[in-house]
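Please have the viewer ready.

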Amino acid sequence: YSGFVFAVGFAFGMVRAMWATAALGEEMAIVCEIPMMLVASWFIWEKISKRIESTFVVTCDGDFCSRERRKVSQTDAVVAGLISFFYLLVYEFLLSKALLGETLATFVAKQFTRPKLIGLMGQVVFGCIPLARCLTR
């Protein structure tokens, strides 16, 4: 989930950095990007969760076996959201390190600037999408 969303975010980030920031300013460009990212995240999670739920779990009790469709539980959704949020931050750091040569300390310090905090709020919502989708089914 996080890898797909990161790829979409990379594309949106390129557009934001190249055109939207110059036209709107950094904060407003981020504010405009977040809803598009969250909609994309919702649809990506929807596709992944449907794929998970298209599989079956087979349980056997002695000579009797049953086949049930796999469901994404609330626990599964919370774990997926937390792990995806963590990986998204790791991907972002690795990209900053590769492109800008940032250290972890510099990367963390930059997260406390206003534009980055706005983006971080969007990433927190991204991490909540699996649970939100689970609860709305």
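## How helix 1 crosses helix 3

Helix 1 passes helix 3 in a right-handed crossing, meaning that the near helix is turned clockwise from the far one by less than a right angle. This is a predicted model, where local features need pLDDT of at least 70, side-chain atom pairs count only at pLDDT 80 or more, and totals for chains, interfaces and linings use all residues. Residues are numbered from 1 along each chain as its sequence is written, and side-chain values use heavy atoms, leaving out hydrogens and water.

Helices here are DSSP runs of H or I, at least four residues long, and axes are lines fitted to C-alpha atoms over the stretch in contact, with angles from 0 to 180 degrees between N-to-C directions.

## Who meets whom

From helix 1, Ser-2, Gly-3, Phe-6 and Phe-10 touch Ser-84, Tyr-87, Leu-88, Tyr-91, Glu-92 and Leu-95 of helix 3 (heavy atoms within 4.5 Å). These residues divide into 6 nonpolar, 3 polar and 1 charged, with Gly counted as polar.

## Aromatic rings

The whole structure holds 6 aromatic pairs (ring centres within 6.5 Å, using the six-membered ring of Trp). Tyr-1 and Trp-45 pair edge-to-face (over 60 degrees between planes), at 5.3 Å centre to centre and 75 degrees. Because Tyr-1 precedes helix 1 and Trp-45 sits in helix 2 (residues 26–53), the pair ties together parts 44 residues apart in sequence. Both Tyr-1 and Trp-45 are buried (under 20% relative accessible area, 1.4 Å probe, protein chains only).

Ring pairs also link Phe-6, Phe-86, Tyr-87 and Tyr-91 into a cluster.

Key:
Helix = DSSP H or I, 4+ residues; strand = E, 2+ residues; numbered from the N terminus. Phe/Tyr/Trp six-rings, centres within 6.5 Å; stacked < 30°, edge-to-face > 60°. Buried < 20%, exposed > 50% of the residue type's maximum accessible area, 1.4 Å probe, protein only.
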